[in-house]
Structure formats: structure tokens, C-alpha cells
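Subject: Structure for you to look at

Hi,

Here is the structure I promised to pass on. Please open it alongside this message, and my notes on what turned up follow below.

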Amino acid sequence: MKKISMRARVLTGGATLVVLGAGAFGAVSANAATPAAAPAAAVAKADVKNKNTTRSTHLTIEAATKAAQATLKAAEKENQRVSVAVVDRNGNTLVTLRGDGAGPQSYESAVKKAYTAVSWNAPTSELVKRLTNAPTLKDIPGTLFLAGGAPVTAKGAPIAGIGVAGAPSGDLDEKFARAGVASLS
């Protein structure tokens with residue numbers, strides 16, 4: 001058996017320590033990358049003090065479904081075949097219902113009316129009036145400036161829009177959309 005020099009033993013031992021130390025450091029670093037959750041009180045304080053963030057209110061899927069169903073029922077009571085759409089504050093579709101016998105164009109129109117109502121926080125019948133002073137508003141993608149959309153608000157801020165299409169007039173469409181909004185109060 002060959003005898004190992006003192007120098008070789010020191011170098012081998014040192015290399016072993018470096019490898020073990022690197023492994024331990026890696027394990028500690030991996031755990032540091034996923035810190036423990038901060039206590040709820042600390043998070044609340046941070047949110048209150050941070051002026052770079054904001055909180056917003058959103059309509060739940062349950063509430064959106066309730067509003068859509070109330071809208072459709074209001075239309076059915078008057079023997080109207082419509083589609084209804086509920087969109088969130090950002091214009092993303094939450095719920096759409098196409099009533100029995102509603103025309104094929106009504107689905108897309110309902111979504112666009114809901115989007116338009118929430119975007120401007122106003123019933124679309126009021127927005128139609130604005131076109132006389134600003135006719136290019138109608139060119140904004142995804143919008144439809146026809147009566148039949150109503151915003152849903154919380155503390156005056158828009159949180160959703162309800163759009164209805166398919167009735168013989170926009171006034172009827174909007175009447176049904178407002179019934180959906182009223183079901184949420």
C-alpha cells in the first residue's frame with residue numbers, strides 16, 4: 001500500500017470540506033429563496049403604507065351568474081329572446097347566457113355592450129349620445145355604442161358591465177340589463 005503524503009492528505013481533506021460546505025450552502029440558499037409567510041398583521045400594515053399599490057373590488061362568479069340569470073328572466077317575462085353577458089372591470093367575460101331562440105349576432109353584441117358600459121362607467125344609451133361630439137369613439141376595438149349595456153358599480157367605481165342584445169330595441173335590452181344590476185343590490 002502506498003503512503004499518502006501530508007500535502008496530499010491536506011488537499012484532499014480541504015477539497016472534501018469545500019464540497020460539503022457548498023452542499024450545505026446550497027440547501028440554506030434554497031430555503032432562503034422561499035421565505036416563511038409573513039404574519040397577517042405585518043402584511044396588512046405593508047399594504048396600508050404602500051402608496052404604489054391599490055385594491056379593487058371584483059364581482060364574484062356567483063354574483064355575475066345571479067345577475068345574468070336575473071337579466072334573462074326579465075327578458076323572458078316579456079317574451080324576448082336575448083343573450084346576456086357579464087364582464088369584469090377589465091372587460092374579461094365572466095358569464096354569458098344565450099336565451100332560447102336568441103339570434104346568432106346577439107351573443108357577441110351583448111359582450112361588446114357590457115365591455116362598453118364598464119369601460120366608461122355609463123349605460124350605453126348615454127354613450128350613444130356622446131358620438132355626436134366624438135364620432136370616432138365607435139372605432140375603439142371591442143366597443144358597441146348601442147343601448148343595452150349597464151355598468152355595475154361599487155362605491156361609484158365600475159366593477160363589471162352587463163350587456164344585453166336581441167330584443168327589438170336597445171331600450172328593451174338596457175331595461176333587462178338594469179334588472180340584472182338591480183338583482184345585485
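This is a predicted model: local features need pLDDT of at least 70, side-chain atom pairs count only at pLDDT 80 or more; totals for chains, interfaces and linings use all residues.

A helix here is a DSSP run of H or I of at least four residues, numbered from the N terminus.

First, the overall layout. The protein chain contains six helices and four strands, and in sequence order they run α-α-α-β-β-α-α-β-β-α. Of the 185 residues in the protein chain, 32% are buried. If you take the contacts between residues at least 6 apart in sequence, 63% of them join residues at least 24 apart.

Next, the interior. In soluble globular proteins, nonpolar side chains tend to be buried together. In this model the largest nonpolar core has 21 residues, and Leu59, Val82, Val86, Ile162, Val164 and Phe176 have the most contacts inside it. Two or more residues come from each of α3 (61-77), β1 (83-88), β3 (149-154), β4 (157-165) and α6 (170-182). The biggest contribution is that of α3, with seven residues. Apart from this core there is another one, made of five residues, including Ala122, Leu127, Leu131 and Phe145.

Beyond its neighbours within four places in sequence, Val164 is in contact with Thr71, Val82, Ser83, Val84, Ala110, Lys113, Gly148, Asp173, Phe176 and Ala177.

Now to the helix pair α3 and α6. Their axes are 7 Å apart and the packing angle is about 140°, so α3 counts as oblique to α6; the cut-off for roughly antiparallel is over 145 degrees. The crossing of α3 past α6 is right-handed. On the α3 side, Ala67, Ala70, Thr71, Ala74 and Ala75 take part, and they meet Phe176, Ala177, Ala179 and Gly180 of α6. Sorted by type, the residues of this contact are seven nonpolar, two polar and no charged.

Back to Tyr115 for a moment. Its relative accessible area is 26%, so Tyr115 is partly exposed. Leaving out residues up to four places away in sequence, Tyr115 touches Val87, Asn90, Gly91, Pro141, Gly142 and Thr143. Tyr115 and Ile162 are 47 residues apart along the chain, yet their C-alpha atoms are separated by 7.9 Å.

Two backbone details in the loops may also interest you. Most residues other than glycine have a negative phi. Asn79, in the loop between α3 and β1, has a positive phi, near 55°. With 68% relative accessibility, Asn79 is exposed. Lys155 lies in the loop between β3 and β4, and Lys155 has a positive phi of about 55° without being a glycine. Lys155 is exposed too, at a relative accessible area of 89%.

Ser56 counts as exposed at 53% relative accessibility. From Ser56 to Ala154 the C-alpha to C-alpha distance is 9.7 Å, while the two residues are 98 apart in sequence.

Best wishes

Terms used. Residues are numbered from 1 along each chain as its sequence is written. Side-chain values use heavy atoms; hydrogens and water are left out. A nonpolar core is a set of buried Ala, Val, Leu, Ile, Met, Phe, Trp, Tyr and Cys residues joined through side-chain atoms within 4.5 Å. Buried means under 20% relative accessible area, exposed over 50%, partly exposed in between (1.4 Å probe, protein chains only). Contact means heavy atoms within 4.5 Å. Axes are lines fitted to C-alpha atoms, for helices over the stretch in contact, and angles run from 0 to 180 degrees between N-to-C directions. Angles under 35 degrees count as roughly parallel, over 145 as roughly antiparallel, 65 to 115 as roughly perpendicular and the rest as oblique. A crossing is left-handed if the near helix is turned anticlockwise from the far one by less than a right angle, and right-handed if clockwise. Ala, Val, Leu, Ile, Met, Phe, Trp, Tyr, Cys and Pro count as nonpolar, Asp, Glu, Lys and Arg as charged, and the others, Gly among them, as polar.
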